[in-house]
Amino acid sequence: TKLKLQEYQGATLMECVLDPTISYTDLSNRLRKQRRLLTRLIHKRSQEIGRIQPGMHVSGVVEIGDIPGIGNTGWRKTSSDELKEMSFEKDLDKLYSVLKNIYNQLKSHPSSWPFLKPVSANDVPDYYEVVKNPMDFKTMGDKLKNKCYTNIRLFYVDMTQIFMNCRVYNDKQTEYYDCANNLEQFFHLKLREA
């Protein structure tokens with residue numbers, strides 16, 4: 001729906017575009033639902049983490065992994081070696097070849113099946129209420145074909161988004177959560193080998 005307001009004397013033109021997928025009259029209810037969902041997720045996650053960690057008395061720089069309890073949150077240290085900018089700036093064909101190789105190995109991994117295509121809103125109605133930045137192998141494959149990845153970090157961000165989305169939406173005890181963990185370990189291995 002487009003609304004146009006015109007003021008001819010002052011020659012001011014304005015345009016307002018309403019998104020047909022948003023129910024503007026139900027916005028407060030949607031925000032309330034999102035808040036309840038987020039509160040539930042935070043409460044659930046805080047119960048999984050469990051205990052209150054002791055404080056730290058330090059001076060100087062502290063590595064994030066040295067902070068008590070950080071490991072319990074699911075945070076993992078990323079080796080700077082894994083994200084090295086393999087000097088592909090001048091050779092995008094070489095970058096594309098390396099990324100395609102990693103992508104194909106991950107896609108054919110036995111734990112990749114939940115992530116091969118976008119999650120269907122028909123099959124999982126609340127998925128897109130919880131996951132705000134969806135990512136999957138089909139989308140990444142399209143981005144690879146269109147050479148959207150101009151460096152390895154962009155590829156890394158999309159791949160890790162798949163794993164984070166899975167962990168946000170699924171419980172630790174699910175097969176999906178295990179698939180994300182297995183595939184992420186394999187991904188880090190392949191990055192080191194690249």
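Is Asn-165 buried or exposed? In this predicted model, Asn-165 is buried, because its relative accessible area is 5% and burial requires a value under 20%. The residue belongs to helix α5. Leaving aside residues up to four places away in sequence, Asn-165 is in contact with Tyr-127, Val-131, Asn-133, Pro-134 and Met-135.

At the start of α5, Asn-151 places a side-chain oxygen within 3.0 Å of the backbone nitrogen of Arg-153.

Burial in α5 extends to Ile-152, Phe-155, Tyr-156, Asp-158, Met-159, Thr-160, Gln-161, Ile-162, Phe-163, Asn-165, Cys-166 and Arg-167. An α-helix has 3.6 residues a turn, so residues three or four places apart point the same way. The cover over the buried residues of α5 includes α2, α3, α4 (137-145) and α6.

Aromatic side chains form a further part of the picture. The model contains 8 aromatic pairs. One of them joins Trp-113 and Tyr-176, with 5.6 Å from centre to centre and 50° between the planes, and this pair is tilted. Trp-113 lies in the loop between α2 (92-107) and α3 (127-130), whereas Tyr-176 lies in helix α6 (residues 175-193), so the pair ties together parts that are 63 residues apart in sequence. Trp-113 counts as partly exposed, at 42% relative accessibility. Tyr-176 also counts as partly exposed, at 38% relative accessibility.

Another pair consists of Tyr-149 and Phe-155: the ring centres are 5.4 Å apart and the planes stand at 80°, so the arrangement is edge-to-face. The angle qualifies because planes over 60 degrees apart count as edge-to-face. Tyr-149 is buried, with a relative accessible area of 7%, and Phe-155 is buried at 0% relative accessibility. Ring pairs also link Tyr-149 and Phe-155 with Tyr-156, Phe-163 and Phe-187 into a cluster.

Lys-147 lies over the face of Tyr-96, at 4.8 Å from the ring centre.

Conventions: Residues numbered from 1 in each chain as written. Predicted model: local features only at pLDDT ≥ 70, side-chain atom pairs only at ≥ 80, totals over all residues. Heavy atoms only, no water. Phe/Tyr/Trp six-rings, centres within 6.5 Å; stacked < 30°, edge-to-face > 60°. Helix = DSSP H or I, 4+ residues; strand = E, 2+ residues; numbered from the N terminus. Buried < 20%, exposed > 50% of the residue type's maximum accessible area, 1.4 Å probe, protein only. Lys NZ or Arg CZ within 6 Å of the ring centre and 35° of its normal. Contact = heavy atoms within 4.5 Å. Polar contact = N/O pair within 3.5 Å; in protein donor to acceptor, adjacent residues only side chain to side chain.
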